[in-house]
Amino acid sequence: MLIPDDKDIAILENCTFETLQSGCRDCGHKQVVFQVSISIEQDVKVFLISVECPKCDTEYTEIMTMREINNEHDTSDND
């Protein structure tokens with residue numbers, strides 16, 4: 001099992017900040033409900049944000065960024 005490292009946390013913080021600054025992609029409303037997650041896909045970590053906007057009643061999920069998994073530094077429970 002991969003555990004988020006400091007770089008992963010920094011990516012989540014930065015991308016979340018950018019989303020909150022720009023607001024809803026449909027109407028620009030700044031007060032949105034959101035959830036961030038990291039999906040592990042073969043050799044890549046995919047950073048996702050799910051957004052709900054109470055003003056325009058839209059919901060969407062976007063890929064914030066992707067990061068290659070470096071097997072030398074990531075740990076797993078495959079012992």
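Contact here means heavy atoms within 4.5 Å. With that in hand, I looked up Cys15: leaving aside its neighbours within four places in sequence, Cys15 is in contact with Met64 and Thr65.

**Ground rules.** I am working with a predicted model, where local features need pLDDT of at least 70, side-chain atom pairs count only at pLDDT 80 or more, and totals for chains, interfaces and linings use all residues. Residues are numbered from 1 along each chain as its sequence is written, and side-chain values use heavy atoms, with hydrogens and water left out.

**The sheet.** I went to the strands next; helices (H or I, at least four residues) and strands (E, at least two) are DSSP runs, numbered from the N terminus. Two strands pair if DSSP finds at least two bridges between them. I found three strands in an open sheet, ordered 1-2-3, with antiparallel pairing. Strand 1 (33–41) and strand 3 (58–68) are at the edges with a single partner strand each, so one side of each has no neighbour in the sheet. From one strand to the next, the twist averages 20 degrees; axes are lines fitted to C-alpha atoms, for helices over the stretch in contact, and angles run from 0 to 180 degrees between N-to-C directions.

**Helix on sheet.** What does helix 1 touch? Helix 1 (residues 6–22) packs on the sheet and touches strand 1, strand 2 and strand 3, and its direction makes about 145 degrees with that of strand 3.

**Pairings and turns.** I checked the bridges next. Strand 1 and strand 2 (residues 44–53) run antiparallel and are joined by nine bridges. Gln35 has Ser50 in strand 2 as its bridge partner. The hairpin of these strands, strand 1 and strand 2, has two residues between them, and Gln42 takes a positive phi near 45 degrees there. Strand 2 and strand 3 pair over 10 bridges, again in the antiparallel sense. Phe47 stands opposite Thr65 in strand 3. Four residues lie between strand 2 and strand 3 in their hairpin, and Asp57 in the turn has a positive phi of about 60 degrees.

**Two residues up close.** The bridge partner of Val36 in strand 2 is Ile49. Leaving aside neighbours within four places in sequence, I noted Val36 in contact with Leu12, Thr16, Leu48, Ile49 and Met64. The C-alpha atoms of Val36 and Phe47 are separated by 7.3 Å, with the two residues 11 apart along the chain. Thr19 belongs to helix 1 and is buried, at a relative accessible area of 14%. Not counting residues up to four places away in sequence, Thr19 touches Ile49 and Val51.

**The core.** A nonpolar core is a set of buried Ala, Val, Leu, Ile, Met, Phe, Trp, Tyr and Cys residues joined through side-chain atoms within 4.5 Å. The largest one has 11 residues, including Ile11, Leu12, Cys15, Phe47 and Met64. Helix 1, strand 2 and strand 3 each supply at least two residues of this core, and strand 2 gives the largest share, four residues.

**A charge over a ring.** I found the charged end of Arg25 over the ring of Tyr60, 3.9 Å from its centre; the criterion is NZ of Lys or CZ of Arg within 6 Å of the ring centre and within 35 degrees of the ring normal.

Note on methods. Buried means under 20% relative accessible area, exposed over 50%, partly exposed in between (1.4 Å probe, protein chains only).
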